[in-house]
Amino acid sequence: MKRSLRQTRSRHYKGSVIAEFGPAIFIFVMVVFFPFLNMVGMAISYADCLYLDTLLLRQAALENVLVLDNSTNPPSLKEDLTCSTDPNGALNTVIKNWLKMGLGQFASTGAMPKQTCYIDLTEGTAKVKFIHLDLLVQCKPFLQIPFFIQVPGINQPVTFKFSGRSVIENIPS
């Protein structure tokens with residue numbers, strides 16, 4: 001009599017483990033695995049966008065963004081930011097190439113990255129001037145996970161904002 005009672009108890013425990021495996025694996029996949037994939041995708045997108053910011057800062061520093069204004073006495077510097085405002089300018093060309101042939105293919109951007117350049121002529125010295133660049137990139141998550149609340153990076157796009165400055169290489173004298 002005792003022997004059959006033990007067999008039913010061990011059979012009962014084994015059956016409960018099998019019955020709990022299905023809901024446990026579903027919860028693990030939906031709550032841990034897929035959000036983890038999205039977080040890895042967001043980390044890759046962030047790194048790609050940071051690389052784009054570095055490329056744009058380097059290109060902006062090499063462009064001729066300062067020109068001499070000969071209409072004033074003595075001649076003064078004025079800014080010429082056509083490299084960033086013109087749709088075919090150097091900075092917009094870098095962004096287009098990054099999206100089409102570069103790491104932008106892996107960034108899952110939702111829209112074209114927006115960059116803004118400006119120069120503060122009062123900053124620095126007569127020989128050292130800085131160009132500032134602000135970059136906004138919106139990245140979509142890798143997978144759309146149906147959560148009850150909206151979580152950026154899990155089921156909503158994330159906007160990365162980068163700001164930096166670089167020394168202007170070509171200052172007219």
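Aspartate 69 touches Pro75, Ser76 and Lys78, leaving out residues up to four places away in sequence, where a contact means heavy atoms within 4.5 Å. This aspartate belongs to strand β1, which covers residues 66-69; helices (H or I, at least four residues) and strands (E, at least two) are DSSP runs, numbered from the N terminus. Aspartate 69 is buried yet has no salt bridge, and the nearest side chain of opposite charge, lysine 78, is 4.6 Å away. Buried stands for under 20% relative accessible area, exposed for over 50%, and partly exposed for what lies in between, with a 1.4 Å probe and protein chains only. A salt bridge requires a side-chain nitrogen of Lys or Arg within 4 Å of a carboxyl oxygen of Asp or Glu, and in assigning charge Lys and Arg count as positive and Asp and Glu as negative, while His and the chain ends are not counted.

This is a predicted model, in which local features need pLDDT of at least 70 and side-chain atom pairs count only at pLDDT 80 or more, whereas totals for chains, interfaces and linings use all residues. Residues are numbered from 1 along each chain as its sequence is written, and side-chain values use heavy atoms, with hydrogens and water left out.

The structure holds 4 aromatic pairs, a pair being rings of Phe, Tyr and Trp (its six-membered ring) whose centres lie within 6.5 Å, with planes under 30 degrees apart counted as stacked, over 60 as edge-to-face and the rest as tilted. One of these pairs joins tyrosine 46 and phenylalanine 160 edge-to-face, at 5.2 Å centre to centre and with 75° between the planes. This pair links distant parts of the chain, with tyrosine 46 in helix α1 and phenylalanine 160 in strand β5, 114 residues apart. Tyrosine 46 counts as partly exposed because its relative accessibility is 38%, whereas phenylalanine 160 is buried, with a relative accessible area of 13%. The rings of tyrosine 46 and phenylalanine 162 have planes at 40° and centres 5.4 Å apart, so this pair is tilted. Here too distant parts of the chain are linked, since phenylalanine 162 in strand β5 is 116 residues from tyrosine 46 in helix α1. Phenylalanine 162 is buried, at a relative accessible area of 5%, and ring pairs link Tyr46, Phe160 and Phe162 into a cluster.

Further along strand β5 comes a charged residue. Arginine 165 forms a salt bridge with glutamate 123, the closest N and O atoms being 2.3 Å apart, and the structure holds 1 salt bridge. The two partners come from distant parts of the chain, arginine 165 from strand β5 and glutamate 123 from the loop between β3 and β4, 42 residues apart. Arginine 165 counts as partly exposed at 45% relative accessibility, while glutamate 123 counts as buried at 18%. Arginine 165 also lies over the face of phenylalanine 130, at 4.0 Å from the ring centre; a charge sits over a ring if NZ of Lys or CZ of Arg is within 6 Å of the ring centre and within 35 degrees of the ring normal. Phenylalanine 130 is also one of the contacts of serine 166, which, leaving aside neighbours within four places in sequence, meets Leu57, Ala61, Lys129, Phe130 and Ile131. Serine 166 is found in strand β5 and is buried, with a relative accessible area of 19%.

Two loop residues complete the account. Isoleucine 154, in the loop between β4 and β5, counts as buried at 7% relative accessibility. Its contacts, apart from neighbours within four places in sequence, are Pro35, Asn38, Met39, Pro141, Leu143, Ile145 and Phe147. Serine 108 lies in the loop between α3 and β3 and has a phi near 50°, a positive value in a residue other than glycine.
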